[in-house]
Structure formats: C-alpha cells, structure tokens
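Colleague: I would like a close look at a single part of this model. Please keep to what can be read from the atoms.

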Amino acid sequence: MDHQPKFFENLSGTGKAIGVLTSGGDAQGMNAAVRAVVRMGIYVKAKVYFVYEGYQGMVDGGDNIVEVSWESVSSILQVGGTVIGSARCKSFRTREGRLQAACNLVQRGITNLCVIGGDGSLTGANLFREEWSGLLEELAQKGKIDEEAVKKYAYLNIVGMVGSIDNDFCGTDMTIGTDSALHRIIEVVDAIMTTAQSHQRTFVLEVMGRHCGYLALVSALACGADWVFIPEYPPEEGWEDSMCVKLSENRARKKRLNIIIVAEGAIDCHNKPITSEKVKDLVVQRLGFDTRVTILGHVQRGGTPSAFDRILASRMGVEAVLALLEATPDTPACVVSLSGNQAVRLPLMECVQMTQEVQKAMDEGRFVEAVRLRGRSFENNLNTYKLLSQKKPDAELPKHGNTNFNVAVLNVGAPAAGMNAAVRAAVRVGITEGHKMFAVIDGFEGFARGKIKEISWGDVGGWTGQGGSILGTKRTLPAKYLEKIADQMRTNNINALMVIGGFEAYESCLQLHEARSCFEEFCVPICVLPATISNNVPGTDFSIGADTALNAIVETCDRIKQSASGTKRRVFIIETMGGYCGYLANMGALAAGADAAYIFEEQFDIRELQANVEHLTEKMKTSIQRGLVLRNENCNENYTTDFIYQLYSEEGKGVFDCRKNVLGHMQQGGAPSPFDRNFGTKISAKAVQWISKKLKETYRKGKVFANTDDSVCLLGMRRRNLVFQPVAELKNETDFVHRIPMEQWWLKLRPLMKILAKYKTSYDVSDSGQLEHVAMHSPKEAETGAI
C-alpha cells in the first residue's frame, strides 16, 4: 500500500495539558505506559501532570495533581505496579465527586486525560467526558470558575489504555500486564513440575481471572496441563468422570505428575462455582492420588514487567498522546489497543459494551457466544488446547482411504527456545489428523544418515517448557546431501515435511523446492516455521525464540543498570546477538530504556557516535547519571564493541566512565517464555492442518505429488494475521548476503526509542490515527485469523 508518510512533527502540543492516571487493579507495565505518555507529551511541548492515586487523587486535588518533568519518569520502566498509585474511588461515582475533580483539572488547565486501567475505570472516564460541559457550567454558577474558563476548557478529551492482568477487555489482543502475569504463572508451574515429578503428585493450581479465563487457558497451553477450568467454557455434564479417566490414563502411560489449572471464576454448565478445593477432593476421593492445591494470588500482579509488556505499553503510551493531539470535540473517547502486531484506536464504549456482553452471555448460559465475543485470539487458544490436551481413541482418528500419511518434523539452524513446544504441537495435531509422525534427529545432516524414527503422543509429553532443541539441530543445508535425503524420504515413505528453524530452515526449503526437478521425492507439501532468536526470517514479524532472547537481554540490562546505581556517572556498552539483524538490539533498547542502539540496518558514522557521546555528557548533568548503549554484533565491521567502548571512554573522560558487556550465548538458552511456548504451539498446530489439507489435495493414484510453488510455504505472522507464503515468492523480499528481510516492520519503532531517550527525530505516524470499530468475527475467522 503506497501512502505518503505522515509525520507527527505537524502535531504540536503547545498550550495543551495532559493528565495521566492509573486506576483500578495494578498491572506490570503501567509504569512503562506512564513514562511513554510523560516523555512523548513533553517532547511535543505539552505540559504533563501526574494524577496520584487514580480518581481519588483527581477528586482530592492539591498535591495529588503535579506537573512532571522528563526526569520524573526515569528508572520506572523496570518497576512493577504503578508508581503514581491506584485506588478504588467511591466519591468519583457521585456527581459531587466528579464536580470537584473537574474543578481541580480546570484550575490547572488540564483538558486531556490519559487513563490506564480496566473497563470500570474507562467507563468512569467516559461518563466524566460526557458530563464535562454540564459540570463546568455548574462550577461557573457556583462561582468556582469564571465564564472565560468555561469557554477555554469547553471539551475534555479522553484516551484509555487497558492495564489489566486478566486480559478481559474486548477489542485488544493483549492488555498491559497480561504477558508479565503469564511469566509469573509459568515460573511457578515450572518449579512445581519438578517437585510433583519427584513424588508422583497431582497439583491443582488456581490462577486469577474472576470473569475471564485467559490466564488459565494460556498457561494450560504453555505448560501442557492435563485439564483446565475457565468461566467461558464450562465442562460438560459428567466432567468429573472424564477428568478422572484422563488423569488415570496419563498415569498409566508412565506420566509421573498431573497439573490441573483452575481460573478463580471457573463454573460448571449450571453456573455453579468449581473451586480448586472441590477439584482436589474429587481427585483424592476417586483416584486416591496424592494431591496438593497452590493458589497463586497476588504473585501474578507483582514482579518486574516482561519485555513484551514494556514495549506494548511504550507503543500504546506514545499512540495515546498522538490520539489526544489529534482529538477534536467530536472524536469519541477511544482506547489504544493491539490487534496482531498493529497498534489501533477503537471507540472506548464499543469495547466496554462488548466486554459487558461477554459477561451477559455467560450469565445466560450462552457459552459458545461468550467465547466468540472474547475475540479470535481467545477462540484460537481454546481450539488449540482442545486439539492438544486429549488423545482421541484410534477408532476415532480420520482415515485417508486405506493410507496413513507419514509426516516428518525436523529442527534446522541454531537452537531457539520454543522449538520443542512447536514439535510437540506438530506431533500431537498430526496424530489427531490421522498421520504417522516421524522425528528427524540433528537436522538435514541426521536426515541424510537415516536418523529418523516414529514419534508417539506420549513421547512429547512435558516438552513445552524445555529450552533448546530436544531433537537436535544443525546448521547444515540439504544441498550437499540431496540424494541421500531423497533416499531416506523414499525408504520411509515421507509424504510431507515440517521444518522448524531460522534463516537456514527457510534456505533449506528453497533448496528442496529447487531440487524438485531432479528428485520427485521432494514433490510433497513442505512447511517452514520460523524459529530463531535473531527474528531475521522473511515473511514474518515474529519468530519463535525471539521473545525469550529479548527477555534475557532486558533482564541483564536491568541488573547492569542497577549495578550503576551506587556508582554515579557510568555508561554501559552491551553487545547483543542477531547476526546482521538489529531486532534484538533495537527492541532490547526500547524495553530496557537505553540511550542508543547501533544496528546494521541504520548505517551510522563517527559524527553520530560523537553526537551520542555529547548526548550522554549532557545527561550526566541531570539527576539521571547513567547510560546504556546496545550494539548489534554485526552492525559495523570497523566500529566494533571494543572501538565504541574505547571511544566513549576517551571522549567521556572526567564526565563518565565506561564498561562493556558481551551477552553471548545466554541469549539462546533458558526456558521458553510464555509467548514463545504459545506462539510455537499455535503456529505449529495451524501448519499441520495446512499440511493435511495439501496432502488431501495432492493425493492421486495412491501417491502424493505436490509440485506447485504454493506447496512449499512459510507460515508467518504479518501485522494482524497468520499467513502461508510460498518460499519462492519470499526470495524477492530477502537480502541473502546479510540474511535479513529487505523490509522490517520494527524499524518503524526505532524513532520511538530515540524519542523516549530524548533525541530529536522524525516519526512516521501514517499507520496510526484511524479510529476503527470493534469487529465481530465469524467462527470461520478464528480458524484463519490472528494468533
């Protein structure tokens, strides 16, 4: 789509005042949103005010509403909760309270409000906006403000951001805090699994979600739980028997532990609560298993925000300020929200109404409708969980004529966290689809040597939480083994291939596609799943493993920044991995609050390095006396990490001292993050369904023959949707010398990092600014749509 870039320089905040408040339950990432609003507001020359203690502070006024500076939000990015406080406020629910709040805002000239909270807080803000002109007139009548003020401050603009760990707000795929809450849950589940295994125990875990089962559902997907209870999808009559049969079957398969996840608002089909204690008692009475209950409680709200939440909140905060600058008296109050990988604006009340519709549908027992109203991301999660959690009896598996198709799965390239979750999903969905699944050990090298074996449902149990690659992976491309691989495919009668890996996986499938003219064996459906920490595969915005690596980088940056808190005036130079792709350096810088990030995609010279040193020298004169600079490993062959370290040390003499840190392979290791487990699981399940469809289409006269371009595809996430793209078409989008896509979406976020680090820059806002409507989707869309 060709459009003229639209830059936000044309939007000035001069003369405007923005108030920012957090309200309702706290959520990790709220501080990142507050920081982004403050800095973007100041950047566009608006005045920005903190409203402490939510609506209570707005009603009380005085020291609760304070103008803030750039430095006021320093060092809050990595802090959980909200530094400006949040409180439930009864008085704001009364007109008298709102009158007082309006008076306090008008006295400071604040007519733009950025509210970070749940649906209750946002509904309150909308009511306040609707009453605004009436409140001002009443204040004028009472002599508290003059007629001039009534005219000058005639309109109140409101933009909301949803901060809620439950992810219970319709219209947005993820709310601020949800990803961090999942991190807390998964850390606990991983820890519990080791002790449960030792004692052959069953654990019942209760997670938050009084009205929404998102946390329970996604954590069940991410840890491969045996059973999950959520309010939107109550179990059928007789669930007690089905659950006990499943638990005992799993034990019979030599599984030493059972995990059952219960959302605090779980109900049965008669709307009666299902509590964790009730589930525990049932398991003990019926099966006699040693069973324990763990209630996670407020642990889920606490802790430091994940990289995803920091980036999400920073993007939303900047978008919220843009929305306020563009608002007119006729613009409805909007929420800044996330759809796929796209920041969008939606009318606030449409979202609130749909959120309330979900509750109404559940109260009336319309559970299928409730799931649909939750949105396609939720529906997709539920469908994937149903596919993976229960093995169908052999008699119920689909039959393809008299044949079973053989599908092989392999890992190629460097290991990436989440690969194992993808293999597990592929194996289980493949078996459910009636295929025979084969695992190839050690990539194409292993394939050529015949290291291939059938893999069963039980073989992949417990794989979701494992880092690295259990199947083993090698960087070797198939070109030098084509004949041997073709032999193995013929010998084992392989009818389809699923290749999980990074740039090498993509290149491998291109080679197989090109070799089809010589080897008929490669005329089968082939699907590539992008899995690499570098996130450098064309055709996708995200790769499995990149989120885990980003969290490792951000965690280390937090520690390094903290180490400087006792030693004033220190600058750290940190080198990240990624090959020539600057994704990790750029997004790590945005999530860690860095001052600069050097990447290959944006060439830089000595003048820019000099400008960065001067910028840091200026910064050291303020109260923020430390600096953080990230450098991608291949950003420039001459300006190495050592060179930059020596340059900064020399130029900063007497002002700051310097330290350097090469993060290395710690970025590749570790247990996969909830995002990577979930993303890997969902795209893998979708890929197998695509393979099944292709197998049926290309099965003729007793054999599979697929030789069209669209039978070798890469499944990637593009903006809002998951798309299958022929690898032959992606060739034109690829820079093969540097192993990166020619166009990368995240480069648009680069100015955002610079703005938040106080650099003057241009920011293309062509993609934002359009108010959309909350779309109802059809059930079909859940199958084809976003993740």
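What is the order of the four strands in the open sheet, and with what pairing?

Modeller: This is a predicted model, in which local features need pLDDT of at least 70, side-chain atom pairs count only at pLDDT 80 or more, and totals for chains, interfaces and linings use all residues. Residues are numbered from 1 along each chain as its sequence is written, and side-chain values use heavy atoms, with hydrogens and water left out.

The open sheet has the strand order β19-β20-β18-β21, and its pairing is parallel. Strands (E, at least two residues) and helices (H or I, at least four) are DSSP runs numbered from the N terminus; two strands pair if DSSP finds at least two bridges between them. The edges are β19 (596-598) and β21 (657-662); each has a single partner strand, so one side of each is left without a neighbour in the sheet. On average, neighbouring strands here are turned by 20° against each other, direction ignored.

Inside the sheet, β18 (residues 570-576) and β20 (residues 626-632) are joined by seven bridges in the parallel sense.

Helix α20 (residues 606-619) packs on it and touches β18, β19 and β20, where contact means heavy atoms within 4.5 Å. The direction of α20 makes about 155° with that of β20. Axes here are lines fitted to C-alpha atoms, for helices over the stretch in contact, and angles run from 0 to 180 degrees between N-to-C directions. Helix α21 (residues 641-651) lies across β18, β19, β20 and β21 and runs at about 170° to β21.

The two helices also pack on each other, at an angle of about 50° and with their axes 10 Å apart. That makes α20 oblique to α21, since angles under 35 degrees count as roughly parallel, over 145 as roughly antiparallel, 65 to 115 as roughly perpendicular and the rest as oblique. From α20, the contact uses I606, L609, Q610, N612, V613 and L616; from α21 it uses F643, I644, L647, Y648 and E651. An α-helix has 3.6 residues a turn, so residues three or four places apart point the same way.
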